[in-house]
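Hi everyone, thanks for coming. Have a look at the model on the screen, and then I'll talk you through a pocket and a pair of helices.

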Amino acid sequence: RLFTEVVETRNFDGSAAKEAFQVAEAEAICSDFDKAVREDSGPLPSSKIRAAIASASAVLEDRATSVAKRVHLGEGWSARIVSCRIAAEKHVVRSNVDAMLAMWEAEVQVLAETGRDCFFLQDALVHLVRFGERYNIEVDRAALDRAKQFAVGLQRARLAECATVGALLGPMLPYAAGPYLMLHMQRGIVGGVVQALIWVVGIAGLVAVLQQ
């Protein structure tokens, strides 16, 4: 645009040239910042993101300061660089979170399809916390909402598969065994045990039939 303006009007606008230079140089600096962070971090998700950002930020600041001194740029240049760096940093951090969530979703999918328990939502969220700790990622509200939505959808599908009396009663039987035995023991130890065993065998057979 600047070249076209000079050719057509035979005028050279120094302020326009300076602005064009700042835009191009800021884009180059921030592009190199993003590239350096990704190279230092390695494959995403990565636990090295924060360290990589700190290292690349130091290089960016030195380079921006050098440019400002060389062509006498003021506060507008500094503000442009800060804004550009923050945007690039947010983008790479979000990419890291997205990569972690994708890995977590794959693991939870396997848990939902192969796990023996009908209720796994709590375990899924515990896995999410562990993933965050492993990769040094702070799970923000947006990431948590996305994770909950995904896990709840899988949980509903899993409950639909488990919606049999046997599957729902199975986890509760150990808790009911104590009061059940105490009730039969009131008739005497031998008679109570025999009566309880008869009922247990009957219930076990019913559960087995319902699970088929």
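Which residues lie nearest the centre of the largest pocket? They are Ile49, Arg50, Val93, Asn136 and Glu138, part of a lining of 15 residues.

A quick word on ground rules: this is a predicted model, with local features needing pLDDT of at least 70 and side-chain atom pairs pLDDT 80 or more, while totals for chains, interfaces and linings use all residues. Residues are numbered from 1 along each chain as its sequence is written, and side-chain values use heavy atoms, leaving out hydrogens and water.

Back to the pocket (an open set of points on a 1 Å grid over the protein atoms alone where a 1.4 Å probe fits, with protein on both sides within 12 Å along at least five of seven lines; lining residues have an atom within 4 Å of a point). Its volume, the space filled by probe spheres set on the points, is about 230 Å³. Helices here are DSSP runs of H or I, at least four residues, numbered from the N terminus. Both α3 (49–71) and α4 (75–114) supply at least two lining residues, and α4 gives the largest share, five. By class, the lining has six nonpolar, four polar and five charged residues.

Now, the helix pair. The axes of α5 (residues 121–134) and α6 (residues 141–161), lines fitted to C-alpha atoms over the stretch in contact, come within 10 Å and cross at roughly 150°. So α5 is roughly antiparallel to α6, the term for angles over 145 degrees. In contact (heavy atoms within 4.5 Å) are, among them, Leu121 and Leu128 of α5 and Leu144 and Val152 of α6.

Conventions
Nonpolar A, V, L, I, M, F, W, Y, C, P; charged D, E, K, R; others polar. Axes fitted to C-alpha atoms, helices over the stretch in contact; angles between N-to-C directions. Parallel < 35°, antiparallel > 145°, perpendicular 65-115°, else oblique.
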